[in-house]
Amino acid sequence: MRVSTMTTGPVLAVVTAMAAPMALAENRIDTQMPTAPDMAAYGDEAIGVRQLDLVHKDQIDILSIDPAADKPETLPRYDRPLTVEVWYPAAEGATGDTAIKAFIRDGKTEVTLQGKAMRDADPAQPDAAYPLVIVSHGYPGNRFLMSHLAENIASKGYVVASIDHLDSTYRTQAAFGSTLVNRSLDQLFVLDEMARLSQDESSFLNGLVDADTTGLIGYSMGGAVATAFAAAHPDRVRRLVLLAPAGMGLARSKLMDFIIQTPVIGDWLMLAFYPSTLRKGLRAERHLPSAVPVSYTHLRAHETPEHL
């Protein structure tokens, strides 16, 4: 139901202002501001979340190779563990804990995030499998870095798999060579595993995932590597969404340079100008084929813009 902002806007603003301290105290990832665009709202599906512990066997152990030494005759290999967090539509009436334990950037401090996804909730039983979205974090980062986005997308009828890239997380950050060698291999492996588990009668993902309809979201270094993956496997990726991708050029104005270089005043100017600049940019890109607002919503083959 659409509510007129003319009559409820001030009330919503007051309620939001009162609720903000509580939301911050709870580290909520599902907060919705009154000014958020329509597509930011959660979908109709209840959300479940589960952890997958996968092992990509017989991978090159790049960190065991001395770059200053001669190339070894036999490359060292290892079984590469990958932890994947999976958000999915949950069964009606499902229950579960909505807390998420995650480590922050120092790799030592663990915090509790609160969202809508229910831990280990029973999955929905759809007539047709849901499209898949794979999320790849930055360097460093972790699988919970975009948990707010992941559970939101899942609420709209998608299965979302977010990867902890070993040697690239807050807790396992290692030499950058591992990121360059392994990231795309991680993505391909997880995509194949999600397809396999959807056919496995013993898996909670049985019948849940349409891996032939896959979108890939990459943030920062995850965006750069996701681009390389999509270029190498165009038949496996239906949509590619890049969030602040690493390696992209940035044309900065004199005002932006001033904001970045000036303490205090620059911070204030960022708060004052950024929201309007962002909205202007989104309006300008809304109708582009690669625009973020329509990327994942068009993953379903049966959906058209009229359904959005």
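User: Which rings pair, and how are the pairs classed?

Analyst: Rings of Phe, Tyr and Trp pair if their centres lie within 6.5 Å. Planes under 30 degrees apart count as stacked, over 60 as edge-to-face and the rest as tilted. This model is predicted, and the structure holds two aromatic pairs.

User: How is Tyr88 paired with Phe204?

Analyst: A pair of aromatic rings is described by the distance of the centres and the angle of the planes. For Tyr88 and Phe204, the centres are 5.3 Å apart and the planes make 55 degrees, so the pair is tilted.

User: Which parts of the chain does that pair tie together?

Analyst: Tyr88 belongs to strand 2 (residues 77-89). Phe204 sits in the loop between helix 3 (176-198) and strand 8 (209-219). The pair therefore ties together parts that are 116 residues apart in sequence.

User: Is Tyr88 buried or exposed, and what about Phe204?

Analyst: Buried means under 20% relative accessible area. Tyr88 has 0%, so Tyr88 is buried. Phe204 is buried too, at 16%.

User: What is the geometry of the pair formed by Tyr139 and Phe176?

Analyst: That pair is edge-to-face. The rings are 4.9 Å centre to centre, with 70 degrees between the planes. Tyr139 is in the loop between strand 6 (130-136) and helix 2 (147-154), and Phe176 is in helix 3, so the pair ties together parts 37 residues apart in sequence. Tyr139 is partly exposed at 25%. Phe176 is partly exposed at 31%.

User: Where does a charged end sit over a ring?

Analyst: The charged end of Lys116 sits over the ring of Tyr42, 5.2 Å from its centre. Arg171 lies over the face of Phe103, and the distance to the ring centre is 3.8 Å.

User: Which residues of the largest nonpolar core touch the most other members?

Analyst: Leu52, Val86, Val159, Val190, Met194 and Leu205 do, in a core of 32 residues. Several elements each supply at least two residues of this core, including strand 1 (47-60), strand 7 (159-164) and helix 4 (221-232). The largest share, five residues, comes from helix 3.

User: Which residues make the nonpolar surface patch?

Analyst: Leu255, Phe258, Val264, Ile265 and Phe273 make a patch of about 470 Å². Helix 5 (254-261) and helix 6 (265-285) each supply at least two of its residues. Phe258 is found in helix 5, and Phe258 is partly exposed at 38% relative accessibility.

User: How many salt bridges does the count come to?

Analyst: A salt bridge needs a side-chain nitrogen of Lys or Arg within 4 Å of a carboxyl oxygen of Asp or Glu. The count comes to 11. Take Asp79 and Lys57: their closest N and O atoms are 3.9 Å apart, so the pair forms a salt bridge. Asp79 is in strand 2 and Lys57 in strand 1, so the bridge ties together parts 22 residues apart in sequence. Asp79 is partly exposed at 43%, whereas Lys57 is exposed at 56%.

User: How far apart are the closest N and O atoms of Arg143 and Asp164?

Analyst: They are 2.6 Å apart, in a salt bridge. Arg143 is in the loop between strand 6 and helix 2, and Asp164 is in strand 7, 21 residues apart. Arg143 is buried at 11%. Asp164 is buried at 14%.

User: Where do Glu193 and Arg196 lie?

Analyst: Both lie in helix 3, three residues apart, about one turn of the helix. Glu193 is buried at 14%, while Arg196 is partly exposed at 42%.

How values were computed
Residues are numbered from 1 along each chain as its sequence is written. This is a predicted model: local features need pLDDT of at least 70, side-chain atom pairs count only at pLDDT 80 or more; totals for chains, interfaces and linings use all residues. Side-chain values use heavy atoms; hydrogens and water are left out. Rings of Phe, Tyr and Trp (its six-membered ring) pair if their centres lie within 6.5 Å; planes under 30 degrees apart count as stacked, over 60 as edge-to-face and the rest as tilted. Helices (H or I, at least four residues) and strands (E, at least two) are DSSP runs, numbered from the N terminus. Buried means under 20% relative accessible area, exposed over 50%, partly exposed in between (1.4 Å probe, protein chains only). A charge sits over a ring if NZ of Lys or CZ of Arg is within 6 Å of the ring centre and within 35 degrees of the ring normal. Patches are made of residues with over 30% relative accessible area and no salt bridge: like charges are joined within 9 Å, nonpolar side chains (Val, Leu, Ile, Met, Phe, Trp, Tyr) within 5 Å. Accessible areas come from the Shrake-Rupley method with a 1.4 Å probe; for residues, only the protein chains shown count as cover. A nonpolar core is a set of buried Ala, Val, Leu, Ile, Met, Phe, Trp, Tyr and Cys residues joined through side-chain atoms within 4.5 Å.
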